[in-house]
Amino acid sequence: MSVIVITYNEAANIEACLRSVSFADEVIVLDSGSTDTTCVQAAALGAQVHHTTDWPGFGAQKNRALALATQSWVLAIDADERVTPVLAQQITSALAADKHPAYELSRLTQFCGRWIRHCGWTPDRVLRLFKRCSAEFSCDLVHERVVLKKGDAGRLSEPLLHFSYPTPSHYWRKLESYSQAWAKQRHSQGQKTTMLRAAVSGVVAFIRSYVFRLGFLDGAMGFAVCAMQAQAAFGKYFALYCLQQINDDSNPSSNP
């Protein structure tokens, strides 16, 4: 089995990530210009480290990493994710059984030291384990997904641990980056929005996460997560709205 990881300045995460997949036949790290010790650490742990000088977006970058894999099965994880020993055992058993061309994993995400079990974050099922010839990543700039070419995916029960947000600042940085990438992609596709749509999206996101997805059961931290998800929903549409305003201002014909 090949494990593929794309990285950029992941020195704080890469060692724990790679140690958690030490059962793999090969580990491929595709780095996009880290200025910290990410690559040195990865190489020291036996990973094959490759480099790119540009950033085409998450989907395209992961397809580049996928093209470097040589084993029949591929496990794609992020540097802030960890495979537990029980999940590693389930993966090994699934590969031996060979009942499906791919498997979904259920991520359990930690936010500021607290495991979030509601808010729409759990179960967060992601297709990450697949036969190399049976799938590829979508070309989305952000929120890419694995596209299965044929067959049905199975599911593994043990969660993939996700340490994505150790502090609120990590969330805000990702929010800004992802919102801009999402807006850029939608703008290039001709999608438009309004400030009302942005505002309503934020309100709906909070109600859905806090009430219907039981975010209140996660206590104060659940409220914080739902409020931030509302901000994320508003933020991406606001970013799109700003892009179309900039485009309109630069095009005199659109302003009578």
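**Values and definitions**

User: Why does D78 count as buried?

Analyst: D78 has a relative accessibility of 19%. Buried means under 20% relative accessible area, exposed means over 50%, and partly exposed lies in between, using a 1.4 Å probe and protein chains only. D78 is therefore called buried at its 19%. A word on the source: this is a predicted model, where local features need pLDDT of at least 70 and side-chain atom pairs count only at pLDDT 80 or more, while totals for chains, interfaces and linings use all residues. Residues are numbered from 1 along each chain as its sequence is written, and side-chain values use heavy atoms, with hydrogens and water left out.

User: Where is D78, and what does it touch?

Analyst: D78 sits in the loop between β4 (73-76) and β5 (81-82). Those names come from DSSP runs, numbered from the N terminus: helices are H or I runs of at least four residues, and strands are E runs of at least two. Leaving out residues up to four places away in sequence, D78 touches V5, C17, K62, R107 and R128. Touching, or contact, means heavy atoms within 4.5 Å.

User: What makes the pairing of D78 with K62 a polar contact?

Analyst: The side chains of D78 and K62 are joined at 3.1 Å. A polar contact is a pair of N or O atoms within 3.5 Å; within protein, one must be able to donate a hydrogen and the other to accept it, and residues adjacent in sequence count only if both atoms are side-chain atoms. The D78 and K62 pair is listed as such a contact. K62 is also one of the buried residues of helix α3 (residues 58-68), along with G59, Q61, N63, A65 and L66. The buried residues of α3 pack against β1 (2-7), β2, β4, β8 and β9.

User: Is S34 buried or exposed, and how do you know?

Analyst: S34 is buried, because its relative accessibility is 17%. This serine lies in the loop between β2 and α2 (38-44). The side chain of S34 makes a polar contact with the side chain of D31 at 2.5 Å, and a polar atom of the S34 side chain lies 2.6 Å from the backbone nitrogen of N9.

User: Which class does R132 fall into, and why?

Analyst: R132 is partly exposed, because its relative accessible area is 36%. R132 is in the loop between β8 (124-131) and β9 (135-137). The R132 side chain reaches the backbone oxygen of Q71 at 2.8 Å. Apart from residues up to four places away in sequence, R132 touches several residues, including L66, S72 and W73.

User: What about T193 and H143: buried or exposed?

Analyst: T193 counts as buried at 8%, whereas H143 counts as exposed at 51%. T193 is in the loop between α5 and α6 (195-212), and beyond its neighbours within four places in sequence it contacts Y237, L240, Y241 and Q244. H143 is in the loop between β9 and β10 (146-148). H143 has a positive phi of about 55° although it is not a glycine.

User: How do you know that the length of helix α5 agrees with what it should span?

Analyst: The expected span of a helix is 1.5 Å times one less than its number of residues. Helix α5 (residues 168-188) has 21 residues and should therefore span 30 Å; its end C-alpha atoms are 30 Å apart, which agrees. Just after α5, G190 takes a positive phi of about 90°.

User: What makes V21 and D25 part of the second largest pocket's lining, and how is that lining classed?

Analyst: On a 1 Å grid over the protein atoms alone, a cavity is a set of points where a 1.4 Å probe fits but cannot get out, and a pocket is an open set with protein on both sides within 12 Å along at least five of seven lines; lining residues have an atom within 4 Å of a point. V21 and D25 are among the residues that line the second largest pocket. α1 (14-19) and β2 (26-31) are the elements that give two or more residues to this lining. The lining has six nonpolar, two polar and three charged residues. Here Ala, Val, Leu, Ile, Met, Phe, Trp, Tyr, Cys and Pro count as nonpolar, Asp, Glu, Lys and Arg as charged, and the others, Gly among them, as polar.
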